[in-house]
Amino acid sequence: KQGKEGKTAIEYDFNQSFAQPSIWPEKMNTYDRAIYSNIAAANDGLSEVYNQEALNHLKNGTDLLNFNNTDWRKLVLNDWAPQQKHTIRLTGGSETNNYYVSLSHIDQNSMYKNNNHWMKRTNFRLAQSTLIKAIGLRVNATLDGYRQTQTHPYTSTAGSYYEVFSHINDKNSRFPGVNLHGLPYSITDNPVAETAADAGYKRGTASVINGKGELIWDLPWVKGLKVRAASNYRYYGETQKSWRKDAAQYDWDSESPIYANKPVLNHKSSTGYSFTNQAFVEYANQFGKHNVSALGGFEQYYEKTEWYSLQRDNYAFNIDQIGVGDANTQTNSGEEAEMGRAAWIGQVKYNYDNKYYAEGSIRYDGSDRFAPGKRWGAFFSGSLGWVVTAEEFMQGLVEKNILNSLKLRASYGETGLDESAG
């Protein structure tokens, strides 16, 4: 977004929303499921799945350990997932100079009752545009970026939204989710324990900054001649901390915690930057019914990245720091990489009376993914076009709305790929 001419204006927006799945059928209770299971077995000539004693327990709730009626959704989830968004903008300027400033924040929560799955993101943008009318030079500059943090519970049986919801939807309602004391029951794939407040977490933080500078010079001495130069820069930094820790679970009539596995900690970090530089000369003009345009220039791209990963297993203490873990289990890895591309670009376009079109282009591309001496290649493309409905003999069909637009086009082109090189 860019600024606009006018007095300085300040705007503030606030949005509060609540979300839930649009289609979420109600499930049968355990007793009805048992009845239909017996009916299905009888139709297949099989013996009943649930005997009368089991049906009585399900109907009367007299044996909750073995014949429960667990509503997994109600145990784990709220009815709605709230989200707030705040945005403030500052705009203004004149014909020759305008500016735009914005700052926004999103606080997005999930339906988890323990509020341990969420995303928070702050965005900013600064934009400035200046026109030097005397020489036809426009200078544009923008700076934008964001910082985002998101987290999700992480245990040995679930570490993502998909895994937790699969257990909520697929876990048999006959099994209890909590014990007699309302504590997470010791059963595998228990979403109550997977989303408990004392479960581990996967927490990622990303910071990104983008900067762009651009010069556009409409030369006043030559009609249709333009010089354009631009530079883009991007920096990012990310961290991912994964603390795999099983929450406490309990036997049916117990308040003594049981932990299925010892914690594991993995910490990854990555940083990188890239930039693109462009310089082009463009020309476009019309001579009677002849329209011509041409473009020529140079483009280069470079990026450098690095990442590191550390891990330790079998934590004896619930302290989510690398140095506390068992040094005998430590593993680490990492990588650095860089890549560059460059290209000389040329393009010519011509059309006569907006009926007949011809276009040709060439790219001389280079990539450091190839061996020295084999990094550059030339690639051509061309096309011819004919707007048939612009011809006089087609006007009867056009006026009657039988055929409004018909264009024939033939083209050929070659391009180079370097993704599989190196």
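**Exercise 1. How many salt bridges does the structure hold?**

Start with the criterion: a side-chain nitrogen of Lys or Arg within 4 Å of a carboxyl oxygen of Asp or Glu. With that cut-off, the structure holds twelve salt bridges. Keep in mind that this is a predicted model, where local features need pLDDT of at least 70, side-chain atom pairs count only at pLDDT 80 or more, and totals for chains, interfaces and linings use all residues. Residues are numbered from 1 along each chain as its sequence is written, and side-chain values use heavy atoms, leaving out hydrogens and water.

**Exercise 2. Take the salt bridge of Arg-89 and Asp-13: where do the partners sit, and is Arg-89 buried or exposed?**

Step 1: the N to O distance is 2.5 Å.

Step 2: Arg-89 belongs to strand E2 (residues 81-93) and Asp-13 to strand E1 (residues 6-19), 76 residues apart. Strands here are DSSP runs of at least two residues, numbered from the N terminus.

Step 3: buried means under 20% relative accessible area, exposed over 50%, partly exposed in between (1.4 Å probe, protein chains only). Arg-89 has 15%, so it's buried, while Asp-13, at 36%, is partly exposed.

**Exercise 3. Which parts does the salt bridge between Lys-133 and Glu-95 tie together?**

Step 1: the closest N and O atoms are 3.1 Å apart.

Step 2: Lys-133 is in the loop between strand E4 (118-132) and strand E5 (137-154), and Glu-95 is in the loop between E2 and strand E3 (97-109), so the pair ties together parts 38 residues apart in sequence.

Step 3: Glu-95 comes out partly exposed, at 47% relative accessible area.

Conventions: Helices (H or I, at least four residues) and strands (E, at least two) are DSSP runs, numbered from the N terminus.
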